[in-house]
Amino acid sequence: MNADALGLPEEAGNSKKELIVKKMQAALASEKQSEYQYWWGKYTVLGPMFNSIQKEFADHEEEERAHAELLAERLYELGGMPVFNPNDLHTVADCPYPKYEEEDNQCTMVQLKQQLEAEECAIKNYEELIALTADCDPATNDVIVEILRGENEHVKDLKKFIVSLELSSGKHD
């Protein structure tokens, strides 16, 4: 199958198309992991700002699901397929799923920092995908630019909560 048949301009070439599809599969797997992380986090956050953080995690969960939908739709248009077995998400994802210790599930600061790390990883990978698609695949590029805006907002939100919790505990530099 040539690149043109999958919705990419011919100048994209098949090897570039394959790389784009692979990176989008990885991004989709990462989004599903992040969605799960936020889903679980909204039930386990404790302490000061509980209600605000829980609401933010719920909002981010929905936004990650929407990002995954955008990626899945474009991936399918390109002829790619997502990971079908949820057990395989971590092997395809371009951002690692955090390794939680049992006590971490009860530490809101740990959860915030792990979410921040996942968002920063996603931003780095989306920036690479934007550079990869900029000159050959405007449709994918537009999708990724839209998702990147949301990821940047997530980083700002998480950093605000981290600073606020550090200030309330007297641990902010």
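What follows is a working chat about the helices, salt bridges and spaces of a predicted model.

Student: What should I know about the model before we start?
Tutor: This is a predicted model, where local features need pLDDT of at least 70, side-chain atom pairs count only at pLDDT 80 or more, and totals for chains, interfaces and linings use all residues. Residues are numbered from 1 along each chain as its sequence is written, and side-chain values use heavy atoms, with hydrogens and water left out.

Student: How do helix 1 and helix 2 cross?
Tutor: Their axes come within 8 Å and cross at roughly 160°. Helix 2 covers residues 50-77, and helix 1 covers 14-44. Helices here are DSSP runs (H or I, at least four residues), numbered from the N terminus. Axes are lines fitted to C-alpha atoms, for helices over the stretch in contact, and angles run from 0 to 180 degrees between N-to-C directions.

Student: So are those two roughly parallel or antiparallel?
Tutor: Helix 1 and helix 2 are therefore roughly antiparallel. The cut-offs are under 35 degrees for roughly parallel, over 145 for roughly antiparallel, 65 to 115 for roughly perpendicular, and oblique for the rest.

Student: Left-handed or right-handed crossing?
Tutor: Left-handed. That term applies if the near helix is turned anticlockwise from the far one by less than a right angle; clockwise is right-handed.

Student: Which residue classes make up that contact?
Tutor: The contact of helix 1 with helix 2 has twelve nonpolar, six polar and eight charged residues. Ala, Val, Leu, Ile, Met, Phe, Trp, Tyr, Cys and Pro count as nonpolar, Asp, Glu, Lys and Arg as charged, and the others, Gly among them, as polar.

Student: Switching topic: how many salt bridges are there?
Tutor: The count is eleven, taking a side-chain nitrogen of Lys or Arg within 4 Å of a carboxyl oxygen of Asp or Glu. One of them joins Arg65 and Glu35, with the closest N and O atoms 2.9 Å apart. Arg65 is in helix 2 and Glu35 in helix 1, so the pair links distant parts of the chain, 30 residues apart.

Student: What about helix 1 and helix 5?
Tutor: They pack at an angle of about 30°, with their axes 13 Å apart. That makes helix 1 roughly parallel to helix 5. The crossing is left-handed.

Student: And helix 4 against helix 5?
Tutor: Those axes come within 8 Å and cross at roughly 155°, and the two helices are therefore roughly antiparallel. Their contact has 18 nonpolar, seven polar and seven charged residues.

Student: How much space lies in the largest pocket?
Tutor: About 180 Å³. On a 1 Å grid over the protein atoms alone, a pocket is an open set of points with protein on both sides within 12 Å along at least five of seven lines, whereas a cavity is a set where a 1.4 Å probe fits but cannot get out; lining residues have an atom within 4 Å of a point. Points are joined across faces, edges and corners, and a volume is the space filled by probe spheres set on them.

Student: Which residues are closest to the centre of the largest pocket?
Tutor: Cys107, Met109, Leu165, Ser169 and Lys171, out of eleven lining residues. Helix 5 supplies the largest share of the lining, four residues.

Student: How many cavities of 30 Å³ or more are there?
Tutor: Three. The largest cavity holds about 90 Å³ of space, and of its 14 lining residues, Ser30, Glu31, Ser34, Cys95 and Ala118 are the closest to the centre. Helix 1 gives the most to that lining, with five residues.
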